[in-house]
Amino acid sequence: MKALGNKSLSAILARVLTVLWWLEWVTFAFVFTFAMVVAGVKKSFTLSIPVNYSAITLRKIIPVNNEFSAGVLNSTSGNLNLTLDSSWQHVALLLTALTTVFTLAIMITFQLKAIFSSFTRNLPFHDANIRRIRNIAFVLIGYSVIQWLLILVVNRVLAANFRWEQVQLTYSFNLSALATGLVLIVIAEIFRLGATLENENKLTI
Amino acid sequence: MAIIVNLDVMMAKRKMSLNKLSEEVGITLSNLSILKQGKAKAIRFSTLELLCRVLDCQPGDILEYRDTTAETPELLYTEI
C-alpha cells in the first residue's frame, strides 16, 4: 500500500483524523452542556483529581503453586474523588479546565488532519506542514510543563487541606509529552530541509 | 544573481519561439519560462547540451557571468 497520495495510508489516516476531529467537537459540546446542566440541577458534583503518592500496598497476592513466592500489589497513583458544591467559582474552574483540555486536543487533531491531507495531495514538504509540526511540538512541550506546574500547585493545596498520614504526595513529570515535543521540533527542521531541497529540485532545469 | 541567462537573445537570433524550443528540447514550457526569466537555481548539463544542440550555440552564448559586486556600493551610495 502506498504511503502518500490518493488511496494511500495517508488518505485513510486523514479520513480517520477528520472523523476524530468531529467526534472531539461533539464530545466537547456534550460534556460542556452536561457539566453545566448537572451543576445547575445538582447541589454538588464529584471532582476526580489524579494524584501520585509514595507506594501503598493494596494487598498481598498468594501464588497458586510453589514456583513463585507471594507478591505484593502496590499502587503509586490514583484518583482522589472530592465532592464539591456547585458554586459558580467551582463550576467556572471545571468548565475552564474542560475547555482547555478539549481545545488542545482539537487543535492537535486539526493540525494532524491538515498534515495528512497534504500528504494525500502529494505535498509532504509544504511550508505549512513545518509550521503545523512545530505547533504540535510547542503544544506538547507547553502541556508537559503546565501539567507539572499544576501538579505542584494541586499537591500544595491537597497537602494543606487534607491529612495524608503515612502517604506522601509525589510529583510526576509527563516525560513522554516533552520527549515527543522535542522529537517533533527536530522533525519540523527535517521537513524544512526537505522543503528547501524540493524547491531547489523544482528550480533545477 | 551574477549569472545571466541569455536564452531569449539566442532564441531571437535563431528566430525560435518558446513553444518550438520547448517541443524540440523536450522541456515543459513552464520550466523553460523559469530558465528564461533567470528564476532557475541550477541548470543540468543534459539540459544545457540539448539547448546548445537545438539553438546551435555554445554554453557561453546562453550563460553569461556579470560581476554585480562592483555595482552594489555605488547603488548603496546613490540610495543614501
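This section describes the fold, helix packing and aromatic contacts of a predicted model.

Chain A comprises 4 helices and 3 strands. Along the sequence these elements are arranged in the pattern α-β-β-α-α-β-α. The radius of gyration of chain A is 23 Å, whereas the globule rule gives 17 Å for 205 residues; the former is well over the latter, so the chain is more spread out than a compact globule. Along the principal axes, the C-alpha atoms of chain A occupy a box of roughly 75 × 55 × 30 Å. Buried positions account for 30% of the 205 residues of chain A.

Helix H1 of chain A spans residues 9–41 and packs against helix H2 of chain A, residues 88–120, at an angle of about 170 degrees, with 8 Å between the axes. Because angles over 145 degrees count as roughly antiparallel, H1(A) is assigned that orientation relative to H2(A). The contact of H1(A) with H2(A) involves 24 nonpolar residues, together with 7 polar and 2 charged ones.

Over all chains, 11 aromatic pairs were found. One of these joins Phe162(A) to Trp164(A) in an edge-to-face arrangement, with a centre-to-centre distance of 6.4 Å and 70 degrees between the planes. Phe162(A) has a relative accessibility of 38% and is therefore classed as partly exposed.

Ring pairs also connect Trp21(A), Trp22(A), Trp25(A) and Phe110(A) into a cluster. Within this cluster, the ring of Trp21(A) additionally has the charged end of Lys113(A) over it, at 4.8 Å from the ring centre.

Notes
Residues are numbered from 1 along each chain as its sequence is written. Chains are lettered from A and ligands numbered from 1 in the order in which they are written. This is a predicted model: local features need pLDDT of at least 70, side-chain atom pairs count only at pLDDT 80 or more; totals for chains, interfaces and linings use all residues. Side-chain values use heavy atoms; hydrogens and water are left out. Rings of Phe, Tyr and Trp (its six-membered ring) pair if their centres lie within 6.5 Å; planes under 30 degrees apart count as stacked, over 60 as edge-to-face and the rest as tilted. Buried means under 20% relative accessible area, exposed over 50%, partly exposed in between (1.4 Å probe, protein chains only). A charge sits over a ring if NZ of Lys or CZ of Arg is within 6 Å of the ring centre and within 35 degrees of the ring normal. Axes are lines fitted to C-alpha atoms, for helices over the stretch in contact, and angles run from 0 to 180 degrees between N-to-C directions. Helices (H or I, at least four residues) and strands (E, at least two) are DSSP runs, numbered from the N terminus. Angles under 35 degrees count as roughly parallel, over 145 as roughly antiparallel, 65 to 115 as roughly perpendicular and the rest as oblique. Ala, Val, Leu, Ile, Met, Phe, Trp, Tyr, Cys and Pro count as nonpolar, Asp, Glu, Lys and Arg as charged, and the others, Gly among them, as polar. The radius of gyration is taken over C-alpha atoms; the globule rule is 2.2 Å times the number of residues to the power 0.38.
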